[in-house]
Every structure is written in structure tokens, then in C-alpha cells.
Amino acid sequence: MRISRRVTALLLLCLSMGATRPLWAQTASPAAASTANQTATTTQAPAYAPVYAPADATATAPANTQTITPANAQANAPGGTVVNLGLADAVKLAVERNLDLKVELYNPAMGEADIRRNEGIFDPLVTASVDYTRTASPNTFNFQPFIVDQVNGTAGVSQLLSTGGSVGVNANSGYVSNSASYFSSGTNFSVTQPLLRNFGKEATELNINVARFTKEGDLDRFRTKLSATVAQVRSDYLKLYNFQEVLAVQRTALALANRILVETKGRVKAGVLPAMEILSAEFSVATREKAVIDAERAVRDQMDLLRLELQLPAGRDLVLVDRPYREPYQVPEAQAVRDALENRPELSAQRVSIRINDLQQRVARNRTRPDLNLTANVGTAGFAQSFLRSYQKTISADDPVWGVGLQFSYPIGNRAAENDYIRAKLAVDQAKTQLQSLESGVVNDVRAALRLVEASYKQIEVTSRGRAYAEERLRAFQKRNAVGLATAKDVFDVENDLVAAQGNEIQALVDYNNAITQLWLVSGVILDRQGIKLSEKEADALYEGAK
């Protein structure tokens, strides 16, 4: 009897070896199919590669799909069930539609308003006034009040000069009514120019230049936010890919569990296996069903998050067109560090702060000088019993008037201005020290990112080998189960190992691409890699639109 059972088992084993491949081998996940051999030659880099290329021409979109682009994204609400979404389109949509980016863009727009407001110091100032006065003076001869009525009108215009001085022109006309009534008129041209303190264009245009530098800093901070947003979109795109691949793996595992359950029921009915094996198989199927539900929930949650980031209409599934990049990616450390020191927006913003502080230091030094102002004026005046005659005398300059003078002031000790200058010097030194600290941190970030890229690429190879081993081990246990040498529980345990191995491989591929994204981010080149050019036009358009 024992010999008969052994012969039967050997015959079944031989038959199973020549049978059709197991279900797992027939229904490999997309990740497993694309990573079968690390040494295989790729004919074309996918669109997700660091150097972008068109999507694979051999890929076919599912039925009832539509490629989504920034131009048609809003119009895609009703209609088909799914849309195709490429990584480049996702990044472009985020740049154009992300609300957090729009919020950040208002800062340089308001910076433009600050520049224009401070430039208003050079707007000509027009003044005009008309007044009437009546005065009573005592008359010592008859002790009767001496009444004088006066009507005066003045108009003028003044202009600030970039040197810190100002020029002005004004004209006046009046009428005096007393014992001898007469008209008066005149013109006057005046100049005031600081000679020491507040002399020069730099001191005069301090607030204008600070506003310009501040706008540059706002643009750098917007670039920082934009870079972080692009990196986040890439990461979320990859995360959705990860969840979709894990869902495919879980569905394959569920199909295998159902097949094993059917086979187990047949063997129990034939009396080959005890009835408790059905309970074990049913428990494994239920476990797989729960895993599929969890994977579907993760896909839906991540899809909603990506739609929110891209401001896409809800109601349709997203089909990811691009696949993660899996070829070696190498950048010389010296080049990566040089790119980071030149392009990181945080460093640019700090350099702008140094320029502001340096400008304020120079102006503060200028303001430690004494106040010495030159004043000069020249004009004409006319007096007559008729307005026309007084005006003619003014025009003919029969009675010219002029004056020139110097005004000097200086606080003894001058402690306020001296300490303003000292504080400005300290602010410059502080900003330079902060820049050195930031540069050291940036260099460290780049080196760490390079090491992460290298380690992540190696992890793909490790997990790929682990997945291949788990597949072979599952095939072996399926064959053993077919001849009764392994229980259904043994097969499910080995299947769990394969599910974990495939999940690890998918995660390793995603982590490698995230490591590349992180390297681009810390090197300050992520916008260039995505073909994004930043200018002041968008912020200026917001300013112009608010007028």
C-alpha cells in the first residue's frame, strides 16, 4: 500500500512538471514583467526618464480613455470612464493650477506694487492755495483800528531729484486793501540740495532698491515653493503607480487563492485531504479579499489626492501613462554641488538679503555725516495799482529777487546714527554667516542625495532577485501541493512571501525614482529638468490685473 501511494505521487509529480505553468507565472504583475532581467537592453527610455523622451509607442491605451492635458483637463468632467495622465502633463497642470502656488505668486505681485509706490517720491508735487485775511492794527494817532484786507493766491510745482535735492517753481498773486490799495504778483524758482548727509542717488532711492531686492527674494521663495510642488507631484504620481501595481499583485494573489480553494475542495471530496484544509484555504481567500479591498482603497485615496493637487474634476479614473525610470543615473559630485550652489533658490534669496543689508549699511554710514544743505532761490516781483500792471512788472523782471544760503546741523555725540550704522554692519555679517551655513547644508544635502540614488539603484537589483527567488519557490510548492507533499497552508505562506517580495520590488523602483527627484531638488535643477522657465511676467500680470 505504501509503495502504491509513492508510485502514485511520483506519477502525479511527473505529470505536473509537464503541465501548464502555474497561475502566478501566467499572470505576472506589470512590475514583475518589466523587471524580469536587469541586464536586458532597453530600446527606448520611458517618458519618466531623467532625460525625457516620448512615451513608448507600443503602449496601447485602454478602451474609452482620453489623454489629459492642461488644455482639455477642465472640459473632461463628463464623458469617458478613465483618462490617461502623463507625468509631464501632471507637472504642467500643477504649475498652472495649484492653489498654493497661486497664493505664493501674490507676494512678488505685491512686491511690484511696493516698487511702484516707492518710485512715487519722484512724482511732481503740485500745490495751490487761495486765502483771504482781515487784520486790524491800532492807530496811535486817533486810536481807531487800521483795517487791512488781503487776498492771496499761490500755485507751484516741486520735484525731488535723485541727488537728494529738490527743485520748485511757484507763482503768487495778491491784493491788499488799506489806505493805499495795490496788487502784487511774483514768481520764484528754488533749489535745495544736501551736501553731506542724504546726498546721492543711493540714499535717495534706498526704499526703491530695497523693494526691488525684496521682489527678487519673493521670486526666489516662489521658485522654492514651485520646486517643492513639482517634487511632490512627481512623488504622488509615483505613489499612485505603486498602489496600482500593489493592487495588481493582490488581485493576482486572490486569483491564485481561489484556484487553490477549488483544488482543495476537490481533493477533500476525493478523500485525499482532510476537511480542515478547506477552512485553511477559505481563510487565505478571505485574507486576500481584504488585502484587495485595502489596496483598492489606497488607490482611490491617492487618486483623489492627485486630482486635488492638479485641480482635476472628480468622477473618472486616472491611467498613468509613464512608468518609473530604472536605468543607472549618475552625476559627478562636483557638478551636482556646483549646480546646487548656483541654482538653489534658498541661496539666491539669502544673497538678496545680503545685498539689501549691504545697501542699508552704506546708507547708514552716509547718515552719520552732518546735515549741510545748500538753498538758493531766484525770482521776480511786481507791485501796482492794477493787476495787469503788476503782472507786466513781474514778466519784465523789473524787481528781481534772489537768495542763497547754507544750513548746518549736527547732534553732539550722534549716537542714534552711529548705532544705526553699527547695527547695519552686524546685519551684513549675520547674513553672510547664514549664507555660509546654508551653503554647508546644501553641500551635505547633495552628497546625501547622491548616496541615496546609488543605494536605491542597488536595492532594485536586490529586490528583483528576491522576487525571482520567491516566484521559483512558489512554483516549487505548487508542484509539491499538486502531489500532496505540501499543504494549502504551506502554499499560502510561500505566496505571502512572493507578495511581499513583489511589493518590495515595486517600492524599490519607486524609491529609486524618488531619490532622483530628491537629487534634482537639492541640486536646484528640478525646474530645468521639467522644462519649466520662471520669469516675472506672471507676477506682473497679477499686478496689472489688479489695477
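Reply: Start at Leu310. Skip its neighbours within four places in sequence, and Leu310 is in contact (heavy atoms within 4.5 Å) with Leu85, Ala90, Leu93, Ala94, Arg97 and Val233. One caution before going on. This is a predicted model, where local features need pLDDT of at least 70, side-chain atom pairs count only at pLDDT 80 or more, and totals for chains, interfaces and linings use all residues. Residues are numbered from 1 along each chain as its sequence is written, and side-chain values use heavy atoms, with hydrogens and water left out.

Now widen the view. Leu310 and its contact Leu85 come up again in the largest nonpolar core, which has 82 residues. Together with Val446, they have the most contacts inside this core. A nonpolar core is a set of buried Ala, Val, Leu, Ile, Met, Phe, Trp, Tyr and Cys residues joined through side-chain atoms within 4.5 Å. Buried means under 20% relative accessible area, exposed means over 50%, and partly exposed is in between (1.4 Å probe, protein chains only). Which helix gives the largest share of this core? Helix α7, residues 206-270, supplies 18 residues. Helices (H or I, at least four residues) and strands (E, at least two) are DSSP runs, numbered from the N terminus. In soluble globular proteins, nonpolar side chains tend to be buried together.

Stay with helix α7 for a moment. Ala255 lies in it. Ala255 is partly exposed, at 35% relative accessible area. Val285 is 30 residues away along the chain, and its C-alpha atom is 8.7 Å from that of Ala255.

Go back to Leu85. It belongs to strand β1, residues 82-85. Both faces of β1 are covered. Val82 and Asn84 are buried on one side, Val83 and Leu85 on the other. Strand β1 pairs with β6 in the parallel sense, over 4 bridges. Two strands pair if DSSP finds at least two bridges between them. In this pairing, Val82 stands opposite Asp317.

Other strands run antiparallel. Strand β5 (residues 182-194) joins β7 (residues 371-384) through 12 bridges, with Gln193 opposite Leu374. Strand β7 also joins β8 (residues 399-409), through 11 bridges. There, Asp371 stands opposite Ser409.

Asn198 sits in the loop between β5 and α6, with phi near 65°. Asn414 lies in the loop between β8 and α12, with phi of about 50°. Are these two residues buried or exposed, or in between? Asn198 is partly exposed, at 29%. Asn414 is buried, at 5%.

Next, the rings. The whole structure has 3 aromatic pairs. Rings of Phe, Tyr and Trp (its six-membered ring) pair if their centres lie within 6.5 Å; planes under 30 degrees apart count as stacked, over 60 as edge-to-face, and the rest as tilted. Tyr329 and Trp520 are edge-to-face, with 6.3 Å between centres and 75° between planes. Tyr329 is in the loop between β6 and α9, while Trp520 is in helix α13 (residues 488-523), 191 residues apart. Tyr329 is buried at 16%, and Trp520 is buried at 1%. Tyr457 and Tyr512 form a tilted pair, 5.4 Å centre to centre, with 50° between the planes. Tyr457 is in helix α12 (residues 415-482) and Tyr512 in α13, so the pair ties together parts 55 residues apart in sequence. Tyr457 is partly exposed at 26%, whereas Tyr512 is buried at 0%.

A charge also meets a ring. The charged end of Arg480 sits over the ring of Phe477, 5.1 Å from its centre. That label needs NZ of Lys or CZ of Arg within 6 Å of the ring centre and within 35 degrees of the ring normal.

Finally, step back to the whole chain. The secondary structure comes to 15 helices and 8 strands. Of its 547 residues, 38% are buried. Among contacts with a separation of 6 or more, 77% join residues 24 or more positions apart.
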